[in-house]
Amino acid sequence: CEDEIARLSREMASLSEELKVLRAADEKRRVELQTLRENARATRMEMKRAADARDFALAAEKQAEAAALQLECETLQSALREMRRDPTTGAAACAEGDEGDEDHSKKSLTSSTVRVSRFDPFCITVGKHELVVSLIDTPGYGENLNTVDSFDVITSHVEGLFEAQLVAETSGAERDYERLRNEDPLVHVCLYFIAPHRLKHIDVEFMRRLHKKVNIVPIIAKSDTMTTKEKEEFKLQVRETLAREGIEPYAFDPISLRAMEAQDRQEYKPPWAVIGSTDAHLDAGVSVYLRKYPWGNALSSEPSHSDLPALRNLVMWSGQWQE
């Protein structure tokens, strides 16, 4: 029995060392891929500047360099995916009984199930100005143990849109200037929802990865599950954590923010604590959305209950997009 325990201990130690090596290799490949993407983006910008200066020889040289870097990115990304793929997948398909079920459960827990889903666009109108907006959801985010894959799916989508837009703007082929001026497919803001009472490690890590690429607006969901004191204390905790981690949430226009505070007689500080409800009730002939409790109602449209009206106004109507 002692020999068996010793043997298992040696195997566990060996597996632990092998796992460290694999993690280090994965991290190294990810850093290399990120560096290549940044170099490719910088090279395309140099190509654009050269073309604007009518130095077409240099622009052609930079275009060739950018194409070579892009090919390296795709090769490295394929190698990274191959390295992360479970080598026992084929065997698991042939396995039977409890062993096959165990392998399937393990894969379900560790493999990424997150996907990027874009909704049909809708229009926001402010006076004579119109803005067509598309919402993007990421179902499956945070549902598995391997959170790195979830991050990679989302960040790759954002970076892919940047690269596609840069190619469209710097391509030597004939460009559709009207489309480039009126259509912007990039992701401009990320509304990141935080569970009440607890800021998790995955929340901090995701915002750290994305805040330099997209405007991050942290939001506390279901804030009606907290007392006023708990809400203020949790808001402070989130602000302190973000500051300590070097994460910069989007700062709305201070003039619009102060005007809204004066109007609502509330002080607004990130993160935004909101109440959401799909239950509509008539109040003096007007539909209001609220959550009913034995001790009273929590109104999503009441500034003293929820930051949702202020946040909605700042994002949709009080911004500078119409300028």
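Modeller: Welcome! A search of the whole structure, which is a predicted model, finds nine aromatic pairs.

Colleague: What makes the pair of Tyr 192 and Phe 206 stacked?

Modeller: Their ring centres are 5.2 Å apart and their planes meet at 25°. Rings count as a pair when their centres lie within 6.5 Å, and planes under 30 degrees apart count as stacked. Both values pass, so this pair is stacked.

Colleague: Why is this pair said to tie parts of the chain together?

Modeller: Tyr 192 belongs to strand S5 and Phe 206 to helix H7, so the pair links parts that are 14 residues apart in sequence.

Colleague: Are these two residues buried or exposed, and how do you know?

Modeller: Buried means under 20% relative accessible area. Tyr 192 has 6%, so it is buried. Phe 206 has 5%, so that residue is buried as well.

Colleague: What makes the pair of Tyr 293 and Trp 295 stacked?

Modeller: Here the centres are 4.9 Å apart and the planes are at 15°. The limits are 6.5 Å for pairing and 30 degrees for stacking, so this pair is stacked too.

Colleague: And how do you know whether Tyr 293 and Trp 295 are buried, partly exposed or exposed?

Modeller: Tyr 293 has a relative accessible area of 27%, which falls between the 20% and 50% limits, so it is partly exposed. Trp 295 has 70%, which is over 50%, so Trp 295 is exposed.

Colleague: Which residues do ring pairs link into a cluster?

Modeller: The cluster holds Tyr 141, Phe 151, Tyr 192 and Phe 206.

Colleague: Phe 151 interests me. Which side chain has a polar atom 2.8 Å from its backbone oxygen?

Modeller: That is the side chain of Thr 155, a residue of helix H5 (residues 147-170).

Colleague: What makes Thr 155 buried, and which residues does it touch?

Modeller: Its relative accessible area is 9%, under the 20% limit, so Thr 155 is buried. Leaving aside residues up to four places away in sequence, Thr 155 touches Arg 209 and Leu 210.

Colleague: Let's turn to the strands. Which order do S5, S6 and S7 take in their sheet?

Modeller: The order is S5-S6-S7, in an open sheet of three strands with parallel pairing. Strand S5 (189-194) and strand S7 (272-273) are the edge strands, each pairing on one side only.

Colleague: How do you know that S6 pairs with S5 and with S7?

Modeller: Two strands pair if there are at least two bridges between them. S5 and S6 (residues 215-220) have six bridges, and S6 and S7 have two. Both counts reach the limit, so both are pairs. Val 189 has Asn 215 as its bridge partner in S6, and Ile 194 stands opposite Ile 220. From S5 the chain crosses through helix H7 (residues 201-210) to S6, in a right-handed β-α-β crossover. Ile 220 in turn has Ala 273 as its bridge partner in S7.

Colleague: What makes S6 largely enclosed?

Modeller: Five of its six residues are buried, so the rest of the structure largely encloses S6.

Colleague: Which helix lies across S5, S6 and S7?

Modeller: Helix H8 (residues 228-244) does, running at about 150° to S6.

Colleague: Where does the antiparallel pairing come in?

Modeller: In an open sheet of three strands with the order S8-S9-S10. Its edge strands are S8 (280-283) and S10, each pairing on one side only. Neighbouring strands of this sheet are turned by 60° against each other on average, direction ignored.

Colleague: How do you know that S9 and S10 pair?

Modeller: Four bridges join S9 (residues 286-293) to S10 (residues 296-299). At least two are needed, so S9 and S10 are a pair. Leu 290 stands opposite Leu 299, while Lys 292 stands opposite Asn 297.

Key: Residues are numbered from 1 along each chain as its sequence is written. This is a predicted model: local features need pLDDT of at least 70, side-chain atom pairs count only at pLDDT 80 or more; totals for chains, interfaces and linings use all residues. Side-chain values use heavy atoms; hydrogens and water are left out. Contact means heavy atoms within 4.5 Å. Axes are lines fitted to C-alpha atoms, for helices over the stretch in contact, and angles run from 0 to 180 degrees between N-to-C directions. Buried means under 20% relative accessible area, exposed over 50%, partly exposed in between (1.4 Å probe, protein chains only). A polar contact is a pair of N or O atoms within 3.5 Å; within protein, one must be able to donate a hydrogen and the other to accept it, and residues adjacent in sequence count only if both atoms are side-chain atoms. A crossover is right-handed if, with the strands pointing away from the viewer, the path from the first strand over the helix to the second runs clockwise. Rings of Phe, Tyr and Trp (its six-membered ring) pair if their centres lie within 6.5 Å; planes under 30 degrees apart count as stacked, over 60 as edge-to-face and the rest as tilted.
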